[in-house]
Amino acid sequence: GFIERILEAGNIGTATTNVHVVSMLFKEANLISNPSFKDPFNETTPEWSLWYQNWGAAPVVTPTLDNVAGTYSIAMVGGGDAAWAIQVVQDNVLTVERGKTYRLSLDAFSSAARPINMAVGYAFGDNQYEQYARQDAIMLDTTTGTYDFVFTVTKPTHAVKLTIELGNQAGFADSTVVLEEVRLQEHDSAPIINDGGFESTG
């Protein structure tokens, strides 16, 4: 771009500099435990758990963990009463901090194209829930795709759980959803412009 500089009183000169615009950068560290399902779940305090509705219009759900392929597959017939009726959860592992920005991303596919939801928050009291972030109707394809969203924490720093909702909503289909990797990464706020004041040109 062209930056005008006043070189002397009454004289205007122009100089040329290159400005490279980059997307938001996130730290390499992944806050998710066992994110690519390469390890068996901890038997005492499993880092991943599966919950599903077991009353009324209960879905039939069959999970399969493949540590060799690095996948966690959830086969389901019926979606229950709502999206929350089938949940893959990571709890007691994650903490998000007020004022920080995060990117939550998922590599996954489904045997039939269908939507899922992702949410971050925590439960308390008598079936109460404090929501920190949420993305609904994420459409999975039948081939692996990456699905992500960015959120900034405006509520107090707190331990949270990640919930992937696989149950019934518009567009639901009996299917097997295959999770390949889950990532929660903090925004890298370190300055990336060495010459933020554009003092150098050329």
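Begin by selecting M118, which stands opposite I164 of strand β11. Strands of a sheet pair through backbone hydrogen bonds, either parallel or antiparallel.

**The sheet around β8 and β11**

Now widen the selection to the whole sheet, an open one in which five strands follow the order β3-β6-β11-β8-β9 with antiparallel pairing. At its edges you will find β3, residues 49–52, and β9, residues 128–140, each of which pairs on one side only. As you turn the view, note that neighbouring strands of this sheet are turned against each other by 25 degrees on average, with direction ignored.

**Into the nonpolar core**

Which residues touch the most other members of the largest nonpolar core? Select I74, L104, F151, I164, L166, L179 and V182, which have that place among the 37 residues of the core. The strands β5, β6, β7, β8, β9, β10, β11 and β12 each supply at least two residues of this core.

Centre the view on F151 and show what surrounds it: leaving aside neighbours within four places in sequence, F151 is in contact with K100, T101, Y102, L104, V120, Y132, A133 and L184.

Then move to Y147, whose place is in strand β10. Is Y147 buried or exposed? Y147 counts as buried because its relative accessible area is 15%, under the 20% cut-off. If you select its surroundings beyond four places in sequence, you will find that Y147 touches L104, S105, L106, A108, M118, I138, M139, L140 and D141. With L106 in particular, the C-alpha atoms are separated by 5.2 Å, although Y147 and L106 are 41 residues apart along the chain.

**Aromatic pairs**

A search of the whole structure finds 10 aromatic pairs. One of them joins W55 and W84 in a stacked arrangement, 6.2 Å from centre to centre with 25 degrees between the planes. This pair links distant parts of the chain, since W55 lies in the loop between β3 and β4 and W84 in the loop between β5 and β6, 29 residues apart. W55 is partly exposed at a relative accessible area of 42%, and W84 counts as partly exposed at 34%.

Select Y122 and F124 next, an aromatic pair that is tilted, with 5.9 Å between the centres and 50 degrees between the planes. Y122 counts as buried at 19% relative accessibility, whereas F124 is partly exposed at 33%. To finish with the rings, select F37, F41, W48 and Y72, which ring pairs link into a cluster.

**Stepping back**

With the whole chain in view, you will see zero helices and 12 strands. Buried residues make up 38% of the 202 residues in the chain. Of the contacts with a separation of 6 or more, 74% are between residues 24 or more positions apart.

Finally, colour the chain by pLDDT, whose mean is 89, with 83% of the residues reaching 70 or more. Over residues 2–7 pLDDT stays under 50, and the model has 19 contacts beyond four places in sequence for them. Where pLDDT is low, the predicted coordinates should not be read in detail.

Key:
Residues numbered from 1 in each chain as written. Predicted model: local features only at pLDDT ≥ 70, side-chain atom pairs only at ≥ 80, totals over all residues. Heavy atoms only, no water. Pairing = 2+ DSSP bridges. Helix = DSSP H or I, 4+ residues; strand = E, 2+ residues; numbered from the N terminus. Axes fitted to C-alpha atoms, helices over the stretch in contact; angles between N-to-C directions. Core = buried A, V, L, I, M, F, W, Y, C linked by side-chain atoms within 4.5 Å. Buried < 20%, exposed > 50% of the residue type's maximum accessible area, 1.4 Å probe, protein only. Contact = heavy atoms within 4.5 Å. pLDDT = per-residue confidence, 0-100. Phe/Tyr/Trp six-rings, centres within 6.5 Å; stacked < 30°, edge-to-face > 60°.
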